[in-house]
Amino acid sequence: QVQLVESGGGLVQAGGSLRLSCAASGRTFSGRPMGWFRQVPGKEREFVSAINWADGTTYYADSVKGRFFIFRDNAKNTVYLQMNSLKPEDTALYYCAAARLDYISTWVHASRITSYDSWGQGTQVTVSS
């Protein structure tokens, strides 16, 4: 089982930045691809970004492309989501997830909730206007 612990959420003004962290641990982690999703009450969880641990290939939702950046620290088994130019519509509970397989090869694969089988508890991001 993979354990995921998110941190870094908070309240920020529009135009500001936040960096989310997701620390992964567990015997079955073995550098699996990692993703970030977000959810607001009453709506479905939506894909934000993903990264392959093996080669650093990244995927982004159109709504965050050019503003959010995902990267990893191999030594710390931690994935980060750098969020810049934040907008009120970015307000959500952000979840980190570990993929089922060893590699994500397409954007469609990266964006599917069913591609992931381990989830963190979520960290709240609130962007004020």
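**Charged and aromatic contacts in close-up**

**View 1. Arg-45 over two rings.** The charged end of Arg-45 lies over the Tyr-95 ring, 3.7 Å from its centre. The charged end of Arg-45 also sits over the ring of Trp-119, 4.8 Å from its centre. A charge sits over a ring if NZ of Lys or CZ of Arg is within 6 Å of the ring centre and within 35 degrees of the ring normal. This is a predicted model, in which local features need pLDDT of at least 70 and side-chain atom pairs count only at pLDDT 80 or more, while totals for chains, interfaces and linings use all residues. Residues are numbered from 1 along each chain as its sequence is written, and side-chain values use heavy atoms, with hydrogens and water left out.

**View 2. Salt bridge between Arg-32 and Asp-117.** The side chains of Arg-32 and Asp-117 form a salt bridge at 2.9 Å, N to O (a side-chain nitrogen of Lys or Arg within 4 Å of a carboxyl oxygen of Asp or Glu). Arg-32 lies in the loop between strand S3 (18-25) and strand S4 (34-39) and Asp-117 in strand S10 (residues 116-119), so the pair ties together parts 85 residues apart in sequence. Strands (E, at least two residues) are DSSP runs, numbered from the N terminus. Arg-32 is buried, at 8% relative accessibility, and Asp-117 is partly exposed, at 34%. Buried means under 20% relative accessible area, exposed over 50%, and partly exposed in between (1.4 Å probe, protein chains only).

**View 3. Salt-bridge network.** Salt bridges link Arg-38, Glu-46, Arg-67 and Asp-90 in a network. Between Arg-38 and Glu-46, the closest N and O atoms are 2.6 Å apart. Arg-38 is buried, at 6% relative accessibility.

Definitions and conventions
Helix = DSSP H or I, 4+ residues; strand = E, 2+ residues; numbered from the N terminus.
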